Structures are given as structure tokens and as C-alpha cells.
Amino acid sequence: MTQADFFSILPIITILLWALALLVADLWIPKERKSMTALLAAVGLAVGVGISLSQVGQTALTFKGMLMLDNFAVFLNIIFLVSGILAIALSYDYLKRMGIERGEYYVLMMFSIAGMMLLTQAYNLIVVFLAIEFLSIPLYILAGFARPRLESEEAALKYFLLGTFSSGFLLYGIALIFGATKSTGLEGIMASLSANEANLVLFIAGASLMLVGFGFKVAVAPFHEWAPDVYQGSPTPASAFMAVSVKAAGFAVLLRIFLTAFPTLAQQLMPVVWGVAALTMVVGNVLAINQTNLKRLLAYSSIAHAGYLMMAFVSASNPAQTGQAVSAMLYYLVAYGLTTFGAWAVVVSLEQAEGKGLELEDYAGVGQKYPWLGAAMLVFMLSLSGIPLTIGFWGKFFLFRTTVEAGFTSLALVGLFTSLVSVFYYLRVVVYMFMRPGEPRVRRDGWLSLVAVGAAVAVVLLSVLPSRLLDMAAQAVLRLQ
Amino acid sequence: MPMSYFIGLSVVMFAMGILGVLLRRNPLVVFMSLELMFNSANLLFVAFSAYHQVLDGQLFVFFVMTTAAAEVAVGLALIVAIFKAKRTIDLDQMSSLKG
């Protein structure tokens, strides 16, 4: 390992060592003071953000072509670290209240984040597979963390079985690609493809199986079935974490592999991806209409948003639009992540023990009794449905624009119509909060309110300066091509 | 032996694994089917590795076996936890999540 190798993975090393040290230190932290562990974990992630920021602008292929450090990876790594910090803020009071506070929770979250960071930097399919397992296995445990609540255990088993099933597809796809191109490194695969030495039948079969595997991970239709059940059964902050960071990690590696290593294939597979994107948008939005449980509603909403992100993937297959499409996708990820965390924060503050307080009726009267919380939720719902003066509007705007410019107007229209459908169920939540009388019970917690109000303010403020963030996203993809 | 034999065997194993996951209702058997899927990929790695005369594939198999072991640890723990709670592990009876 040379010095360049070491510095390229310094944030990952930091997070991992910090998590391991925390796992040991947690033994000496008394049971009633586990919030110490949360605080230490958050500090570790913040240190990770600092180190990642120092890597901005560097580009290096390290570990003999196994890992790639570029702005794209740094941009996403910061998203993961920040979402980890937000998830800890949501968990801080929730775990105590639900009586499931154990130090391992935070450590597992840090492990998962380290896996995601490895995934965005992976430049070899072996590393891709290992990183995906590395990020998934802690998540299976997090899903079942509300043990002995049966819902949580079942959610964990479901997530585990389907997650492993998808890993099987991914692995088989990698094996076929290795057979076709004689290499598992993205550079070797590219070289073999451009020299026309690869066996194209095996290669296309392998790439399709990999696409299926990733499709399960990011929950796009028709592989989305598990998401609502898992998000409903898992501890709520863990669901929020999964909905944001796992999706971001899945799309990041999808872009890295399919756009850099398989560029010719991206065009051949485009009709399939087109169908998946359209189907996901329709299925996610239509099934969300009937949901009365807020956790399930947000789960279907996250499926729908995976469809919109897939749309960027379709337009990226047009070489002239690749850069714009990827930066629009990164922008959308930030917008979606921020808004989603805020919305989940509101859900966490209303949730009661035994899975109570999650139905729409429980939200009646929140707007009158807790105007700040109601206003924040209003902002998140508007942002998720893409209404102006929120960051969600700009996310959709950039996305639809690049899709139209790439020549997929019909797909953009599907996106537009499904967005209109989504307005209905997002606004229904707002109607319940502001126009129905009720006696909501809300948990007041400093960190929770901070996340909810802070995210709402950020969602509105960032919408005033949309181009600044887009420029950052554009710089992040500069080196990807 | 020709390469197609290995590919054929591996595809059959992979298909059996998928069918097992989709059709069987006992999580332990589903588990075994998942392992079958992983091992069919391993077979492919080893076969291609010998065919192409490169070592990458052989190495990959070790990584896969280790991660599979880690997964088994988590999965079995989950099954035990569920069995303790409801005295059955039949997948058809896992219905507390509906909507």
C-alpha cells in the first residue's frame, strides 16, 4: 500500500477504526448513558466529512486499479456521512423511547456507511460485490433492531432473504462478465470491450443480471415488493437511513459501472431501463394513493422517486447529455435526501410505542397544535411532489429538462403525470394536519425538531439558489466520463 | 472437458437456486437455495479462471465464501429470533406487515 493508496481511503479507514473503537468503548458506557455512544458516532462521522472535504478535486486510481477517488465519489461520500449524522439525530431519542437503545446500533450504522463509501470508490467488480455486502449486512441487523417486536424481526428476515437473493443475481452477473472479458476490473473490461475480444452473449447476460441485482437494491419496479414491508417494520430512523443512503449508493454504483465501463451497452439496454423507469414511477405513485400508514406511504414515495432517478439514467445513455443527466441525478439525490429525512423526522416525532401514531388519522390537528411541525411537514410534502419554492421542484425541473433534451419526451411526460398523481396523496397528509380536528400526541425532542425545522429551512433556502448546488454536482461528474 | 459443460451445470444450479427461493416456504431451505445460487457463481468463476488462465476468479471465490458465511451468521440469528417469538418459521405465516 503506497501513500497515495492510503490517503485515497482515509475517510473509510477513519470511519471503520472509529466504529471499531466505539464498539469496544461502548462496553464501558453505562446503560443509562448510551446517548454518549450516539454523540461519539456523530463526531466520528463529522470527522469523516472533514477528511472527505479535503479530498475535493483529487483524482486518483489507487490499489492497482481497484479503487477510484474522484469528485463523484467524494460528493456521494459526503451525502452518506451527512445522512448518517441526520439518522443518528433521529435515533437519539427514538431508541430511548422505544426501549431498544443499544450502542451497537450506531456502530452498525457506521459500518454500513463505510461500505457505501467503498462502493462509490469501487473500480473493480470484486470490490463492488464486497462493498454491497458490507453495506447490506449491517442493515439487515438494523432492520431487526426493534427485537422482540415481531414486525421488526419479520422485516429483517424479508430484507435479508431478498437482499441475499439480489446479491446472488449480482454475483452471477459478475461471474459471466468475468468470463466474457477475462477481467473484473472496470479498466480491463473497457479494454477488452474496445478491442472486441469480449464474448458479447455472456457479457450482455451478465450485465442484465447485474441490473436485476441493483434493481432489487434500489427498489425499482418490478423488484420493489420488499421495500414497503421493510420500511414499515424497521425502526423508523433506520428506515429513513435506508430510504436515502442505500438508494444513493445503489444509483452511484449503477452510474459508475454502466456509464463508464459499459457505455455501448447502456444504449442497448436503454429500452429496458426506459420501461423500468416508467413502470417504477407509475407503480410507486399509484400504490401510494391507498396508503394510510405514513411509513408505508413514504416507502412507496421512495419507490416513485427511484423511478425519477432511473429517468436520469435513461437520459444519460445519450452521450451528448451524460454529464447533464448525471449532475441532475446528483442534484435530485440531494433534494430527495434532505426532504425525505425531514419528513421521516416528523414521522418519528409522532410515532408512539407498539407502532401506534403512524396512521393518517393520528396526524389530524397537528397543524393547529404544533404549527412549526405542521409547517415543516407542509414544506416536505410540497418538495416531494415537486411544487415551486422548494428544492424538490428544481430537482424535478433539471431532471425533466435533461430528459427532454436527451430526446425522451414521452418518458418526461410519464414523469410529469405521475408527479401530478403524487400531489394528491402528499397533500392529503397536509389536509389531515391542518383541516381535521384532532388531539395529536407529539414527542418533543431537541434534536428531532432541529432536523425537521433545519431541513425545512434548507429545502426552501436552497430553492432560492438552485444553481450553486447544481454547479457543485456538475463539477462532481466532470471526471466521471 | 469443454467449457460449455461447466457453464451448463452452473446455469442449472443457478436456476434450481432461484426456484428454491421462490417456491419453498421454509426459510432454512430458502437459505440453502441461496447458497446454491452463490455456489453456482463460484463454479463459474473457477471454470472461467482455468479457461482464461488468470487467477482472479479463483481469488474471488474465497471472498464470496467468506461473505456468504457472514450472511449465514446474520440470517440464522434472525431465524432463531423469530422462532423464539412465534414458534414457527413458516414464511407464509409472516404476515404482520400488510398494507
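Pro222(A) sits in the loop between helix H9 (200-218) and H10 of chain A. Helices here are DSSP runs of H or I with at least four residues, numbered from the N terminus. The peptide bond from Ala221(A) to Pro222(A) is cis, with omega near 0°.

This is a predicted model: local features need pLDDT of at least 70, side-chain atom pairs count only at pLDDT 80 or more, and totals for chains, interfaces and linings use all residues. Residues are numbered from 1 along each chain as its sequence is written, while chains are lettered from A and ligands numbered from 1 in the order in which they are written.

## Other backbone features

A cis peptide bond also joins Arg147(A) and Pro148(A), with omega about 5°. Pro148(A) belongs to the loop between H6 and H7 of chain A.

Asn196(A) is not a glycine, yet has a positive phi of about 60°. Asn196(A) lies in the loop between helix H8 (186-194) and H9 of chain A. It has 7 other C-beta atoms within 10 Å, so Asn196(A) is exposed. The cut-offs: a residue is buried if 20 or more other C-beta atoms lie within 10 Å of its own, exposed if 12 or fewer, and partly exposed in between, with C-beta atoms placed from the backbone. In chain B, Arg87(B) has a positive phi of about 65° and is not a glycine. Arg87(B) lies in the segment after helix H3 (56-86) of chain B. Arg87(B) counts as exposed because it has 7 C-beta neighbours inside 10 Å.

## The nonpolar core

The largest nonpolar core holds 222 residues. Such a core is a set of buried Ala, Val, Leu, Ile, Met, Phe, Trp, Tyr and Cys residues joined through C-beta atoms within 7 Å. Leu90(A), Met109(A), Met110(A), Leu119(A) and Tyr332(A) have the most contacts inside it. Helix H15 (residues 322-350) of chain A supplies the largest share of this core, 20 residues.

What does Met109(A) touch, not counting residues up to four places away in sequence? The partners of Met109(A) are Ala41(A), Gly84(A), Ala87(A), Ile88(A), Leu142(A) and Phe241(A). Two residues are in contact if their C-beta atoms, placed from the backbone, lie within 7 Å.

## Helix pairs in chain A

The axes of H6(A) and H7(A) come within 9 Å and cross at roughly 175°. Axes are lines fitted to C-alpha atoms, for helices over the stretch in contact, and angles run from 0 to 180 degrees between N-to-C directions. That angle makes H6(A) roughly antiparallel to H7(A). Angles under 35 degrees count as roughly parallel, over 145 as roughly antiparallel, 65 to 115 as roughly perpendicular and the rest as oblique. The residues of this contact divide into 13 nonpolar, 4 polar and 1 charged. Ala, Val, Leu, Ile, Met, Phe, Trp, Tyr, Cys and Pro count as nonpolar, Asp, Glu, Lys and Arg as charged, and the others, Gly among them, as polar.

Helix H11 (residues 236-261) and helix H14 (residues 294-315) of chain A pack at about 10°, with their axes 11 Å apart. That makes H11(A) roughly parallel to H14(A). The contact of H11(A) with H14(A) has 7 nonpolar, 3 polar and 2 charged residues.

## Where chain A meets chain B

In this interface, 37 residues of chain A are in contact with 35 residues of chain B. On the chain A side, helix H6 (125-143), helix H7 (150-181) and helix H10 (226-233) are the elements that give two or more residues. H7(A) gives the most, with 18 residues. The chain A side divides into 19 nonpolar, 10 polar and 8 charged residues.

Ile126(A) lies in helix H6 of chain A. Ile126(A) touches Thr184(A), Phe60(B) and Phe63(B), not counting residues up to four places away in sequence. Ile126(A) is partly exposed, with 19 other C-beta atoms within 10 Å.

## A helix pair in chain B

Helix H1 (residues 3-23) and helix H2 (residues 27-52) of chain B pack at about 165°, with their axes 8 Å apart. That makes H1(B) roughly antiparallel to H2(B). The residues of their contact divide into 17 nonpolar, 6 polar and no charged.
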